[in-house]
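Hello,

Here is the structure I promised to hand over. My notes on it follow below.

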Amino acid sequence: MEQARIRNFAIIAHIDHGKSTLADRILELTHAVPEREMREQVLDSMELERERGITIKAQAVSVRWRGHQLNLIDTPGHVDFTYEVSRSLQACEGALLLVDAAQGIEAQTLANAYLALDDELEIVPVANKIDLPQADPDTAASELAALLGEEPERVLRISAKTGEGVEAVLDAIVERIPPPGGDPEAPARALVFDTSYDQYRGVVAFVRVVDGSFETREPLRAMALGTSFEAEELGVLSPARRPVPSLGAGEVGYVITGLKDVSRLRVGDTLTSRRRPAAEPLPGYQDVKPMVFAGIFPTDSDDYPELRDALERLKLNDASLSYDPETSQALGFGFRCGFLGLLHMEIVRERLEREFDLDLLITAPTVAYRATTRGGEVVEVHNPAEMPRELELVEEPYIKASVIVPKDYVGAVMELANERRGSFDHLEYLSEDRVLLSYELPLGEIVLDFYDQLKSRTRGYASFDYDLAGFRPGDVTRVDILVGGEQVDALSLIIHRDAAYERGRLLVERLRKEIPRQLFDVAVQAAIGSRVIARETIKAKRKDVLAKCYGGDITRKRKLLEKQKKGKKRMKQVGGVEVPQEAFLAVLNLDSERRR
Amino acid sequence: MGARHLYVHLPFCAHRCGYCDFVTVVGRREQHGAYVDALLRELALEGGVLAEHVETVFLGGGTPTFTGGSELARLLDALPETDELTVEANPETVTPELARLLRAGGVNRVSLGAQSFRPHLLSVLERRAGPDDVRRAVYLLRDAGFDNISLDLLYGIPGQSAADLECDLADALALEPEHLSCYELEAKPGTRFTHAHGDELARQADAMEGYFEQVVDALTAAGYRWYETANFCLEPGRVGGRDLRARHNLAYWWGRDYLGIGMGAVSTLAGARRRNLPGLGRYVAALQEGRTPPRETESLDEATKERERLLLGLRLDEPLPVADVAGALDKKAAERLVAGGLVELTENGGGPTVSLTRRGRFLGGGVTVELLA
């Protein structure tokens with residue numbers, strides 16, 4: 001296909017604003033999918049994505065429209081996947097900015113729209129759901145027009161659900177979005193904007209060819225990681241895989257690499273031919289590092305091998321997930337897992353529980369801290385129990401957060417941001433009623449329950465997005481929990497010094513309630529280093545006897561004691577105290593409870 | 001050597017109290033004779049396991065003294081000679097005639113189910129006797145010459161205050177019983193009582209936590225020996241050196257063999273524990289035909305016997321020889337509990353022993369669980 005007849009575009013939209021429905025209509029109109037095979041929302045392939053109404057992994061699809069090849073490159077719809085979104089957008093020359101005409105633009109949409117504008121993509125604004133009675137297309141159109149500096153008349157008004165206006169969208173893609181540039185004669189370069197793992201064929205790369213062309217069986221190299229392989233198969237997605245002999249400049253398709261390890265080919269890398277390699281990779285590759293960490297333990301320690309296998313399998317399709325074996329005295333064998341963000345963590349947890357049928361204990365999430373010891377050594381800490389005690393400096397990751405909210409809730413958002421050590425950056429009216437607030441916040445304040453608090457304090461109206469903004473020194477400290485004088489490793493946490501007392505008190509109080517009384521007094525303490533900041537005592541039982549025991553009772557009483565003995569053996573021992581699993585669960589769930 | 005202890009179960013009661021989960025039969029006066037016949041047949045069938053000298057016999061129930069007078073006399077008459085013959089009695093059943101009958105039948109120890117002296121608590125327990133019935137019963141027994149009377153008391157009754165308990169203990173002590181058994185009321189699953197009062201008991205659990213201590217404090221202060229978790233007897237020094245511990249029950253706690261006869265009765269003989277099944281009809285019918293009654297049997301291996309020795313022996317105030325329970329005892333746990341002041345390990349001439357401290361005895365159940373290997 002000659003470059004002039006190719007259009008590469010993405011759809012930028014908020015969850016539930018109709019992206020998948022629009023994609024389905026486009027597939028229908030272009031007859032890419034026979035009607036009988038038409039499943040609702042073809043693009044979202046994972047069960048979980050369907051349920052949560054979000055797209056986690058980008059995919060692409062090529063369709064024909066009035067003599068042109070239109071390549072729709074899907075983008076992940078959540079805050080944790082900003083980097084993947086940016087790579088998808090970089091593969092395009094234009095984007096549809098799709099907004100629910102009843103709700104207006106949301107923070108994530110805005111963030112992604114800015115990403116697209118930064119890449120100088122041609123933006124086609126679309127107001128969707130005009131069939132809904134509560135739709136206000138005029139307001140939506142003027143909001144979009146103001147944002148883009150366009151005329152409101154240029155905003156397309158459609159209903160992806162009924163199909164109204166969708167043909168005009170396809171025409172606008174052809175008319176307004178420029179064809180891909182790139183030099184077809186130059187050494188070949190292709191941007192990897194997504195990967196997936198095929199259990200028979202290994203790693204599959206989804207690519208946008210920028211310069212030159214690629215042929216089947218050609219020896220290739222990924223320039224950033226240096227990985228070499230052969231293009232076992234090239235093809236396009238329509239939307240099923242369809243092999244082609246070659247992919248030329250401007251085209252979008254897939255490369256079957258035969259690689260068995262997904263970590264050897266990362267999103268954002270540049271593929272080139274080993275026969276005539278390009279001198280420079282395409283710009284923008286980053287090694288995305290997990291920023292949120294949590295320990296994942298099987299409830300039943302016998303399930304450890306199953307958990308390990310499950311993580312291995314998830315990792316095949318999710319290069320951004322990391323995991324290392326972790327042994328907790330209290331929770332046994334498990335893994336310290338790294339995630340891009342909270343949603344990523346939730347998705348992994350749900351997949352482990354749902355697809356692999358595992359019962360899990362998950363420790364409170366923590367962020368990556370950068371600690372400088374007195375000796376000047378810098379370590380990155382992913383586990384509170386590993387935070388060195390003698391420190392010169394701790395740096396914590398910060399984010400730049402954008403919140404869009406109806407103006408009545410500005411106060412509530414500011415209050416929350418202040419509670420969470422936020423520093424105000426700016427405020428901007430997007431329309432008469434809606435405000436964009438921008439704050440800088442420590443990521444550590446976000447991982448616990450910020451998003452839920454935001455939703456509840458704004459009655460669900462707020463939308464939220466963030467970008468990492470680097471490490472900054474923070475007055476954070478490690479708080480340990482001790483039961484019977486012994487540290488419970490799984491309950492250590494890193495927290496801002498001002499919040500340490502309150503948090504320590506809460507944890508200790510809760511543990512006192514959850515740990516059954518023992519034969520001895522048991523101290524439950526929260527401590528910073530050797531300094532105890534909160535203490536509760538679980539008072540010893542005053543009596544624990546079988547009231548009577550005569551000749552007819554002996555068997556029954558013996559069995560009763562034997563049963564109690566068995567029960568004790570199953571409990572986790574900390575400091576000579578049997579701590580039932582429920583106690584750990586209750587403490588680890590403290591945050592989700594506070595949300596309610 | 002044969003069994004030196006005989007238990008005889010008399011299941012009949014005038015009324016089943018709400019908290020009771022024993023094997024009992026209400027009323028059926030017309031069957032008392034047939035039942036005693038069956039008992040005597042079982043004794044004849046099984047008597048061979050008894051030692052030549054039977055040290056103790058215990059008539060338990062039910063309410064043994066509810067059994068018809070002539071039937072009871074016939075039974076007492078047929079029992080082997082013994083050192084200690086105990087009968088359980090409910091206060092309202094004690095009459096001058098009964099007292100004389102027991103005395104004539106060789107009974108030398110009576111265990112009276114007093115339970116409480118507070119009318120409102122007795123009514124919660126559905127007991128028929130009032131406080132004065134208890135006192136009258138004691139006087140009648142004394143008049144008949146009984147010098148070894150035990151009173152049963154219950155504590156932890158729904159609605160019972162600490163002051164109520166104090167009064168109950170004082171009222172019981174005023175009668176100068178030789179022996180007292182004090183039990184915390186258990187809401188046993190499935191009883192009418194638990195259905196009616198279980199929630200209330202759960203609510204009061206914290207308030208009643210100190211009652212056990214209160215009982216032990218009051219009775220030891222009054223000169224009683226706390227010789228078993230729930231049992232107290234006058235110190236020998238106060239009764240001319242007599243050992244007033246219940247010898248029959250000591251046999252259980254020492255792990256001795258015993259023969260039990262009657263419906264629902266349990267025997268432990270030569271490494272096997274067997275239990276006659278409940279059910280009056282089939283018990284009587286089997287013995288009428290000269291067969292042994294339907295039973296279930298559990299064999300006790302050495303390890304099980306050691307565990308039982310441990311759990312029973314630790315109920316007593318006497319040190320338990322470690323050698324008797326070596327396989328059942330978790331030595332590490334014992335040392336930990338010694339450090340915590342709950343257990344004592346001592347060495348005397350006869351080898352090492354293990355016992356519970358005073359605080360350890362209040363926590364005897366939990367401590368035993370810890371000590372079990």
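What percentage of the 596 residues in chain A do buried residues make up? The answer is 47%, where buried means that 20 or more other C-beta atoms, placed from the backbone, lie within 10 Å of the residue's own.

This is a predicted model, in which local features need pLDDT of at least 70 and side-chain atom pairs count only at pLDDT 80 or more, while totals for chains, interfaces and linings use all residues. Residues are numbered from 1 along each chain as its sequence is written, and chains are lettered from A and ligands numbered from 1 in the order in which they are written.

Chain A has 15 helices and 34 strands (DSSP runs, H or I of at least four residues for helices and E of at least two for strands, numbered from the N terminus). Of the contacts in chain A between residues at least 6 apart in sequence, 70% join residues at least 24 apart; a contact means C-beta atoms, placed from the backbone, within 7 Å.

Between the chains, 23 residues of chain A are in contact with 34 residues of chain B. The chain A side consists of nine nonpolar, five polar and nine charged residues (Ala, Val, Leu, Ile, Met, Phe, Trp, Tyr, Cys and Pro are nonpolar, Asp, Glu, Lys and Arg charged, the others, Gly among them, polar).

In chain B, helix α6 (residues 162–174) and helix α8 (residues 211–221) have axes that come within 11 Å. The contact involves B:A162, B:L165 and B:L169 of α6(B), and B:Y211, B:Q214, B:V215, B:A218 and B:L219 of α8(B). By class, these are seven nonpolar, one polar and no charged residues.

Regards

Terms used: Contact = placed C-beta atoms within 7 Å. Buried ≥ 20, exposed ≤ 12 C-beta atoms within 10 Å, placed from the backbone. Axes fitted to C-alpha atoms, helices over the stretch in contact; angles between N-to-C directions.
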